[in-house]
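Have the model open as you read.

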Amino acid sequence: MLTRETLPEIQAAIQAMGVDGWLLFDFRGTNPIASAMLGLEGFVTRRCFGYVPARGVPIALTHAIEQQPWQRWPAEWRREIYSGWRALEEMLARHVGGKRVAMEYSPGDAIPYLDRIPAGVIEMVRAAGATVSTSADLVSRFYAQWTPAQIASHRRSAQALAEIARNAFSLAGAQTLTEFELAQWIRDAFQRAGLVTDHGPIVAIGPNAANPHYGPTSEHSAAITPGSVLLIDLFAHEPQGVWADQTWVGTLGAPDTLTTKIWEIVRDARDAAIALLRSRLEAGQVVRGMEADDAARAVITQRGYGPNFTHRTGHSIDAYEIHGAGPHLDHLESRDDRALIPGVAFSIEPGIYLPGVIGVRSEVNAIVGDADLLVTPAMPQRDLFVV
């Protein structure tokens, strides 16, 4: 968040990028990055900008009837007020004309998780005489990074999720349940553990798990019966904490040859991504999300299931959302070439999906350190659960 205390560091990063400032824009929540960075409180129903120059005092461009959301804006920083579009465009031209500004913009929509600015607003800023660059590196560093307290919270949540998952498999093996009933048990376990979530979890037997976004309901839920392959994807966090997100797979009874084969490929792909990240970080080398995706995807492709790995290897988990705006492990759905810098976190979750037959995914989370990689849970799944 932009504060008096963080301003010097943010401005130093802006200068290092070679741009003149960071131009943050929001309208009706279209850019949650701007809302969080500016500390806006409440819903913004009119266009607003916050401009952080490389040097000097930040400037807020605010609508006359929406001053309340700016209560955190320091009194010594500038705040200009407009009512009509002509005044807004004049203000923009005065402050950013002739300058190069960073915005939540991704050329060619290469990184859609970052591409938050409407095309018309980009046109308006350019018409004001500014050149627009991407704020990708600023977002990674000042929006997506976790604090030490958040890392500690995540580790507690990750440990609790792993225990709940193991207990859920034991329960499924001990009594006959539907997918929905087991999902409800997991939600109750979250509550007992002091964790919260906004949806899920995913509880899916083999054919249903072939849909990565499957979710059982009280009306549509399969029985978990002997011989089933069971996938559990669960995600939760402490109140005011950051998310933990894991996927585990097991069988009710001994697994067949296909299930074992698919599981081992997925596990090895997960571990290949982790190995690449660790080796590069420990060597002090830059590593990018797309490279980790390539490493996992290569394992699955080499073993004949490339077309069945239909999503990115991992999503950003930033300080605000489970599917965040920081770097993703993605070179399939998007071209995420952002460096994985200390403090950013993400999932690592390759999967293989055979429609109508089986779906297998293994998911852990990772946080980048100064020269290492913290993976949670502490003991990732090595073998299929058999209950």
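Of the 39 residues in the largest nonpolar core, the ones touching the most other members are L277, L340, F346, I348, I352 and L373. A nonpolar core here is a set of buried Ala, Val, Leu, Ile, Met, Phe, Trp, Tyr and Cys residues joined through side-chain atoms within 4.5 Å. Helix α9 (residues 257–282) supplies the largest share of this core, 9 residues; helices (H or I, at least four residues) and strands (E, at least two) are DSSP runs, numbered from the N terminus. There's also a second, separate core of 33 residues, with L40, A60, W73 and A110 among them.

A word on ground rules: this is a predicted model, where local features need pLDDT of at least 70, side-chain atom pairs count only at pLDDT 80 or more, and totals for chains, interfaces and linings use all residues. Residues are numbered from 1 along each chain as its sequence is written, and side-chain values use heavy atoms, with hydrogens and water left out.

Back to I348: leaving aside residues up to four places away in sequence, its contacts (heavy atoms within 4.5 Å) include R270, A273, I274 and L277.

On to the rings. The structure holds 6 aromatic pairs. Rings of Phe, Tyr and Trp (its six-membered ring) pair if their centres lie within 6.5 Å; planes under 30 degrees apart count as stacked, over 60 as edge-to-face and the rest as tilted. Here are two of the pairs:

| Pair | Centre distance | Plane angle | Type |
|---|---|---|---|
| F25 and F49 | 5.0 Å | 50 degrees | tilted |
| W70 and W73 | 5.3 Å | 85 degrees | edge-to-face |

F25 sits in strand β1 (residues 21–26) and F49 in strand β2 (residues 48–53), so their pairing ties together parts that are 24 residues apart in sequence. F25 is buried at 1% relative accessibility, and F49 is buried at 0%; buried means under 20% relative accessible area (1.4 Å probe, protein chains only). W70 and W73 are buried too, and together with W77 they form one aromatic cluster.

Two arginines sit over rings: R192 is 5.6 Å from the ring centre of W185, and the charged end of R297 is 3.9 Å from that of F309. The rule wants NZ of Lys or CZ of Arg within 6 Å of the ring centre and within 35 degrees of the ring normal.

What lines the largest cavity? R270, S362, E363 and V364 are among the lining residues, and I348 touches those four as well.

Notes
Buried < 20%, exposed > 50% of the residue type's maximum accessible area, 1.4 Å probe, protein only. 1 Å grid on protein atoms, 1.4 Å probe; cavity = no way out; pocket = protein on both sides within 12 Å on 5 of 7 lines; lining within 4 Å.
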